[in-house]
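This report covers aromatic pairs and salt bridges.

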Amino acid sequence: NSNRDIIVLIYLIIGSILGQLIDIDLKLKNFSLFLENNINFLNKKKLNGIKSEKSFSKGFSTATILFCTGAMAIVGSIKSGLTGDNTTLNIKAILDGTLSIVLTSLYGIGVLFSSISVFLYQGFFYIFANQIKPFLTEQTISDISFLGGIMVTAIGINLLFKKNIKIANMLPALFIPIVIEIF
């Protein structure tokens with residue numbers, strides 16, 4: 001439905017503007033640089049006497065965004081919180097685990113630390129599952145999946161074409177369908 005596509009695009013634009021105002025991308029990079037600078041074993045990795053160019057912050061932010069976008073992270077956490085059924089989260093864990101191996105080979109240990117973000121993000125939905133469930137209609141889940149797909153595509157563009165699309169700034173868009181459903 002082309003009308004729905006336009007609505008989702010509007011969600012993406014609004015969410016991206018909010019994310020840009022907050023500058024989530026910068027905050028995520030600053031947090032990853034804080035981790036990198038304050039965890040001793042991350043600073044000692046050298047290759048031929050030169051600090052490794054594998055980017056902790058790039059790995060952290062790419063993995064965080066990749067693992068937190070999409071409906072599986074939200075719906076799986078809510079389903080687990082409400083019913084104890086972890087099937088969706090188990091499938092997501094297998095997918096994320098496989099992707100993390102690839103990302104770690106590209107960016108190094110920063111990918112491991114994205115588990116902090118995933119834990120907080122999915123934990124939020126798990127804890128507040130009862131409050132959020134009434135607003136997760138089939139259309140809302142579809143919109144979230146569509147938005148997540150756009151963000152995953154943007155990650156692919158960043159990886160393949162060495163672009164710098166600030167995907168983290170798009171993350172608020174994932175919450176807009178839920179907020180719209182509430183009001």
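## Terms and basis

Buried means under 20% relative accessible area, exposed means over 50%, and partly exposed lies in between (1.4 Å probe, protein chains only). By that scale Lys 79 is partly exposed at 33%.

The model is predicted: local features need pLDDT of at least 70, side-chain atom pairs count only at pLDDT 80 or more, and totals for chains, interfaces and linings use all residues. Residues are numbered from 1 along each chain as its sequence is written, and side-chain values use heavy atoms, with hydrogens and water left out.

## Salt bridges

A salt bridge is a side-chain nitrogen of Lys or Arg within 4 Å of a carboxyl oxygen of Asp or Glu. The structure has 4. One of them joins Arg 4 and Asp 143, at 2.5 Å from N to O. Arg 4 sits in helix H1 and Asp 143 in helix H9, so the bridge ties together parts 139 residues apart in sequence. Helices here are DSSP runs (H or I, at least four residues), numbered from the N terminus. Asp 143 is buried at 2%; Arg 4 is partly exposed at 23%.

Lys 79 meets Asp 85 at 3.5 Å, N to O. Asp 85 is partly exposed at 26%.

## Aromatic pairs

Rings of Phe, Tyr and Trp (its six-membered ring) pair if their centres lie within 6.5 Å; planes under 30 degrees apart are stacked, over 60 edge-to-face, the rest tilted. This rule gives 8 aromatic pairs. Phe 31 and Phe 60 form a tilted one, with 5.7 Å between centres and 55° between planes. Phe 60 is buried at 0%, while Phe 31 is partly exposed at 35%.

Terms used: Helices (H or I, at least four residues) and strands (E, at least two) are DSSP runs, numbered from the N terminus.
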